Amino acid sequence: MLATAAVLLVVGLLIGAAAPIARTVTLPLREREFSSGGAWSWFGDPRAVYHAGAHHRTYVGWDAPDGSIQVASYDHDSGRRVMVTLKARFQVDDHDTPSILVRPDGRLMVFWSAHTGNRMYYRTSRRPEDVTAWGPEHTIPTNTPGIYGYTYPNPVQLAAERNRIYLFWRGGNFNPTMATSDTRGSTWSAARTLISNPGQRPYVKFASNDRDTIAMAFTEAHPRDLPTSIYFAEYRAGALRRADGSVISTMTNLPIAPREGEKVYDRTTNGKAWVHDVALDQAGHPVIVYATFPNDTDHRYRYARWNGTRWIDRELVRAGGSMSLDPTEPNYSGGITLDHEDPSTVYLSRQVNGNFEVEVWRTPDGGATWSSRPLTSPSAGNDYRPISPRGQRGDNMNVVWMHGTYPSYTSFQTGLRTQVRTRDIANASAVARAPRRLDVSARDGQTAELLRGYLSGGWSAWRSLGLTPGRPAIGPPTVASWAPRRLAVFDTHLQRHDVQQLFSNGRWKGPVPLDFNTTTVVSTATVMADPNPRSTPSPVSEQARAAD
C-alpha cells in the first residue's frame, strides 16, 4: 500500500475551527498551531497553495523533524485538516521541503529531493483536491552534469502554453536548471542550465501569473562566498526578458550569465544581498523583496518594484541578525515574503527585543510609505520564515510560519503556525462516551453558544447545541457519561443563576432547568392508573363562569 498511497497521519479539525452552522457574528482571527513539527527553506516553492474548486482548500508542505516529507490540506468551509506523509524518514534537512503544483484538473503534484540528492521525486494525488490517496513515486529522469544532484524544486504551469509544466531546480552543476513536460509529468525534456556561473551557485526565486509569464529574481552566488547583487529576468513567449519586455536571450540560446540579467540592486549600495521572494502585481509588474548585509549581524530588508518605467528600490526595515544558531550560516535572516495576490502586502520576521517575531507590512503607494502591525507576540520560541499561500485572498490562513528554535537546517526544533478565523473556545470538558471515542463540550467565548464535538478517529467539528446568538449567556459546561452511549451536559444560566441540563441518547434534548432543591423524576409506569378515566376534560360550568 505504501507504494501507492500516502501514510495518513491525522484527519482532524484545526483547533477551534468554525462548524458549518448559521452565525450572525464574524469569527475572530486567531493564531493556531497547524503542525507540531516542521520546517522549510525558502528556495523551493510553492510551499503552500490555495485552490478553489469543488472545495476551498489550502495545501501546505514541509519537512518534519524526523525527516518525513509531509503535506496537509485545510478545508476553509469545514475547518478540517488532513495530514499525510509522502515519504517517511527521508532526510532531516529543511532544504528537502516539498513544492506543490495544483493541476487544472484539481490533482496535486508534489516534488521533493534530498539536499544535493541523487533523485528528484514527485507524486500525483489520485483524486482532485484530495491528499489522502497518491500514485506511486516517480523521478525526474534528467539533470545537468555534475556532483551536486538535485535541490530546490520549483514547479510552474502555464495555461497559454497548453498547460506545459516548467520544473526548475538547482542541478548537478550547482546552477539553476530546468526541464519541461507537455504530458502532465509522464515525460520530461532534457535538463538545461538556465543561469550559469561556473564554480558558484546562483540562488533564484520564481513566480508566475500561471498564464504566460515566469518571473525570476536571483543572485550570482551564495552571499557567504561572494559579494552578491540582485538581478531580474522573466520568461515569456520563448525568451528571457527584462522588466520592460526587451529580450535578454531566447530560450534556444540558454544559459545566461547572472550579469546578463537586469540588475536591481548593486552590492556596493549597502553590502551583499540575498533574494527572498518575487511576485507579479495586477499589472504584471514584478516586485522583489530581499535582505542586504552591511555586516553579518546587521540584516536589512528591502522592497523593489518595477513601476512600468524603472525600478524603485527602498530599504524597508532592519531585521536583526541570523535566525540560525549555526555560526556557519550568518545570513539566515528571519525571512520576508510577498502576498502574491497583492504584493503591496509583505510578511516578514525580524528580531524585536531579541526575539524573532512575524509582522505584516502594507504600502498604499508602491513602497514610499508603510504601515505595520505584529502578527506574533513575545513567547517561548521564535517565529520565522512566513509565507503566504499562492492564490489565497482574504485573511483566513493567509500566512503560515515556523515557530520554535532553529539550531541549524539539520536540527530544527520548529512547528508551523497560522492565523484562521475561528471560534474562541472556552471551558472545554470531555468524557469517554464509548470505546475509542471522546465527547467534548465547550462554550463559545464570543457568543456564549454551548458547543459539542467528538474525537473518534478524528475531530468531528464543533456543533451548536441550540443556544444560539441572542439567547442568554451560559457558564462553563461539564459533561458526563452516565450509561453506555448516553451523555449529559450541565451548564449554568448566567441570568437565572441556575443549572440546566442537556442529554443525549442518540438525539439531543433540552436544555431542562434544574431549578428546585429536590427534584424527583418518576416513571409513569409506577403511577397508579385512574380507576375511572375520562375521555375528555370536564367542561366548565355556567355557575363557575358566572363566579369569575
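Analyst: Asn 163 is found in the loop between β11 (151–158) and β12 (164–170), where strands are DSSP runs of type E with at least two residues, numbered from the N terminus. This is a predicted model, in which local features need pLDDT of at least 70 and side-chain atom pairs count only at pLDDT 80 or more, whereas totals for chains, interfaces and linings use all residues. Residues are numbered from 1 along each chain as its sequence is written, and side-chain values use heavy atoms, with hydrogens and water left out.

The phi angle of Asn 163 is near 60°, a positive value in a residue other than glycine, and its relative accessible area of 31% makes the residue partly exposed (buried means under 20%, exposed over 50% and partly exposed in between, with a 1.4 Å probe and protein chains only). Met 397 also has a phi near 60°, again positive in a residue other than glycine, and lies in the loop between β29 (382–387) and β30 (400–405); Met 397, however, is buried, with a relative accessible area of 0%.

Two cis peptide bonds also fall at loop prolines. The bond from Asp 45 to Pro 46 is cis, with omega near -5°, and Pro 46 sits in the loop between β2 (29–35) and β3 (48–52). The bond from Leu 254 to Pro 255 is likewise cis, with omega near 5°, and Pro 255 belongs to the loop between β19 (247–250) and β20 (262–265).

As for the interior, a nonpolar core is a set of buried Ala, Val, Leu, Ile, Met, Phe, Trp, Tyr and Cys residues joined through side-chain atoms within 4.5 Å. The largest such core has 59 residues, and those with the most contacts inside it are Trp 62, Ile 288 and Val 346. Leaving aside neighbours within four places in sequence, Val 346 is in contact (heavy atoms within 4.5 Å) with residues including Val 289, Tyr 303, Leu 316, Trp 361 and Trp 370.

Elsewhere, 4 strands form an open antiparallel sheet in the order β32-β33-β34-β35, two strands being paired if DSSP finds at least two bridges between them. β32 (425–434) and β35 (463–464) stand at the edges, each with a single partner strand, so one side of each lacks a neighbour in the sheet.
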